[in-house]
Amino acid sequence: VNDPRDIVALKRDGLAIPEAELREFVLAYAKREVRDEVAAAFLMAAYIRGLDASETLAMTKAMVDSGRTVALGGISRPKVDKHSTGGVADSVTLVFAPLAASLGLAVAKLSGRGLGHTGGTLDKLEAIPGLRTDLTSEEVEAQVERVGCAVAAQSPDLVPADGAMYALRDATATVSSVPLIAASVMSKKLAMETDLILLDVKAGSGAFMKTPEQARTLAAACMELARGWGRRARAAVTDMSQPLGEAVGNALDVAEAVELLGGGRRGRLRELTVLFAAEAMASLEGIDRAEGSKRAERAIDDGSALEAFARMVEAQGGDPSVTGDPWKVLPKAPVVLPIEAGESGFVTAMEAEEIGRASVDLGAGRLRKGDPVDPAAGIVFEPKIGDEIETGQKLGEVHGRDEDAARAAAWRVIAAVTLSDRPVDPPPLVHGWLGTDEER
Ligand code: URA
């Protein structure tokens, strides 16, 4: 890059950046030859001005080319990748990867860390002592062949440009942009050469896209990138107007996923994960969706999904006994405070982003780039929209390092919930699907 400020100036002024120059800028930033403050200014300009389809494609391509791609050629099982655009209590990946592996599919996936108010699969998995996510492309391939699934981080080897930009976006309020999210998500998916990409595009108060229409625009941008690459992809626009599961943290999410994988939990997190597993079986193997759902339910209830999780954890250096008694292995917070309802009524709405932020402020996420997270910190919140709650009812727990922080978080959670004296229907779990092949 001659002078990277010229790229920033083009975008600042609302002009298109030529493909070759955008590529050079992204590749140089991945090598740390462009300074953070210049890249941050570029991200803000792109956030405000937008990127057109050819800029988004050029940026995504440069991000993929900043590292190596994983061909997965030696794997005979049908290969699927799955990614969420980010939510609160969204542990679908923790459940989906082993579930799909137990159903005979291969899951190879690059995940992210916590971003803004949303949780990150890598931070959650790393709450398991010893577990590594910095796998090389060879390690990913070997592990997927051996145990059926692997969840890895961006690294100097794998999409390093996304690793660098993702952390900078998190630190500079430049996350919730359609082209920046599409490039980030799809660069990680295009670097893994699977047969199918499944996207969970979140919509609602806990998502970056606050309405189903905005989420559909993001889904369409991702499908466009997949199509441009000749890759098969399907995206579901799903509800994030409330936390999906109950755990909003890291170790807490692992414990919830273990319980769910062991058949001990019902609810929307299980329902959505089963739906994605059925979609993968339908798209890759032509299995009827209802039959696929049945097989997925069975794999959860007979323990085979949990076994696959133990194998994945062990393969990545973590303690597999987390699947027996999670709290013997997972770090625990020194303070656990109940969240109690101050009033009674029907839950009609939730500020899910605020619940996510309360968890970040407890230490479960980052305030500054590169900060460590507190794996034990977070929130458990049980009510869902449509539920009736009573004054004094225990609604969940705050896990924190001290009483004051925990009490403040409990207040924020209560304030994020709207109660009414009339019941409402729960929001639909799935708003719709988009695909590279067809729309439905
Ligand atoms: N997930 C990602 O990988 N990137 C984003 O930008 C948002 C969610």
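Colleague: Is Arg132 buried, partly exposed or exposed?
Modeller: Arg132 counts as partly exposed, because its relative accessibility is 33%. Buried means under 20% relative accessible area, exposed means over 50%, and partly exposed is in between (1.4 Å probe, protein chains only). This is a predicted model: local features need pLDDT of at least 70, side-chain atom pairs count only at pLDDT 80 or more, and totals for chains, interfaces and linings use all residues. Residues are numbered from 1 along each chain as its sequence is written, and side-chain values use heavy atoms, with hydrogens and water left out.

Colleague: Which residue forms a salt bridge with Arg132?
Modeller: Asp134 does, with the closest N and O atoms 3.0 Å apart. A salt bridge is a side-chain nitrogen of Lys or Arg within 4 Å of a carboxyl oxygen of Asp or Glu. Arg132 also meets Glu139 in a salt bridge, at 3.0 Å from N to O.

Colleague: And how exposed are Asp134 and Glu139?
Modeller: Asp134 is partly exposed, with a relative accessible area of 48%. Glu139 is partly exposed too, at 31%.

Colleague: What does Arg270 pair with?
Modeller: Arg270 forms a salt bridge with Asp301, and the closest N and O atoms are 3.3 Å apart. Arg270 lies in helix H12 (residues 268-285) and Asp301 in helix H13 (residues 289-301), so the pair ties together parts 31 residues apart in sequence. Helices here are DSSP runs (H or I, at least four residues), numbered from the N terminus.

Colleague: Is Arg270 buried or exposed?
Modeller: Arg270 is buried, at 3% relative accessibility.

Colleague: How many salt bridges does a search of the whole structure find?
Modeller: It finds 38. Arg113, Asp123, Glu126 and Arg366 are linked in a network of them.

Colleague: New topic. How do H2 and H3 cross?
Modeller: The axes of H2 (residues 19-30) and H3 (residues 36-49) come within 11 Å and cross at roughly 135°. Axes are lines fitted to C-alpha atoms, for helices over the stretch in contact, and angles run from 0 to 180 degrees between N-to-C directions. H2 and H3 are therefore oblique to each other. Under 35 degrees is roughly parallel, over 145 roughly antiparallel, 65 to 115 roughly perpendicular, and the rest oblique.

Colleague: Which residues meet there?
Modeller: Leu22, Phe25 and Tyr29 in H2 meet Asp36, Val38, Ala39 and Phe42 in H3. Contact means heavy atoms within 4.5 Å.

Notes
Helices (H or I, at least four residues) and strands (E, at least two) are DSSP runs, numbered from the N terminus.
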